[in-house]
Amino acid sequence: MKLILLGPPGAGKGTQAQRISATYAIPQLSTGDMLRAAVANGTDIGRKAKPLMDAGKLVPDEIVVKVIADRIEEPDCHNGFILDGFPRTVPQAKALDKMLKGKKLDLDVVLEIRVDEKELFRRIETRIAQTDPKDRRSDDNPETLKKRIKVYQDQTKPLIPYYEKTKKLKVVDGMKGIDEVWEAIKAILAVIK
Ligand code: AMP
């Protein structure tokens, strides 16, 4: 199964991706995690990405598209994968379409986890308060979050009509608790599988 998890920062994409990954035995491909690993390892990509990530801005499309194209080639993606945090712009979505077409693959579903803005701030504040300062993500602060939400509204939300047109989009109410969201996702995936 090949799917995309779409939703603003703090919607719970990572948490739900982990559950999908464990249940369906497919890897979670998080561009955010991959970029944080590149930063931690001091690679060229990491050096380019860090200031942008810290400012809540997007890393250039060509960088993340390459990161995903390489990752999808790995043998563990053979049975499918979960894209978490990618694509984030229409050009990235188009690049993904092209990439998959070239491999004769197709997406099964795009799951949008829909959460309102006020709730995102409440969640991020809780996440900051509960995380040890040394384990905190450098972009987990209210200032950067505001920018990340604005970037989501301006650049990522256009993916919703983009995927509506392909009839692949399914919307899940992300205002509910983690377990309820998970139940809703399982119900959608059960019909697809
Ligand atoms: P995330 O962990 O998905 O919230 O991503 C953290 C940060 O990594 C984002 O704010 C961006 O700076 C960068 N990033 C992650 N995925 C992408 C992407 N698909 N395109 C551009 N930048 C990304």
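Which polar backbone atom is 3.1 Å from a nitrogen atom of the ligand? In this predicted model, that atom belongs to Val-59. A backbone N or O atom of Lys-57 sits 2.5 Å from an oxygen atom of the ligand, while Arg-148 uses its side chain, with an N or O atom 3.2 Å from a ligand oxygen. As for cover, the ligand has 480 Å² of accessible area on its own, and the protein takes up 96% of that.

Stepping back to the whole shell, 16 residues surround the ligand, and Thr-31, Arg-36, Lys-57, Gly-85 and Gln-92 are the closest. Helix H2, which runs over residues 31-41, gives the largest share with four residues.

H2 also turns up in the packing of helix H3: the buried residues of H3 pack against H2 and against helix H7 (142-156). H3 covers residues 44-54, and its buried residues are Gly-46, Ala-49 and Met-53. Seen down the helix axis, these buried residues fall within an arc of 75°, so they line one face of H3. After H3 comes Gly-56, with a positive phi near 80°.

How values were computed:
Residues numbered from 1 in each chain as written. Predicted model: local features only at pLDDT ≥ 70, side-chain atom pairs only at ≥ 80, totals over all residues. Heavy atoms only, no water. Near = heavy atom within 4 Å. Polar contact = N/O pair within 3.5 Å; in protein donor to acceptor, adjacent residues only side chain to side chain. Areas by Shrake-Rupley, 256 points an atom, 1.4 Å probe, with all protein chains shown as cover. Helix = DSSP H or I, 4+ residues; strand = E, 2+ residues; numbered from the N terminus. Buried < 20%, exposed > 50% of the residue type's maximum accessible area, 1.4 Å probe, protein only. Arc of directions from axis to C-beta. Contact = heavy atoms within 4.5 Å.
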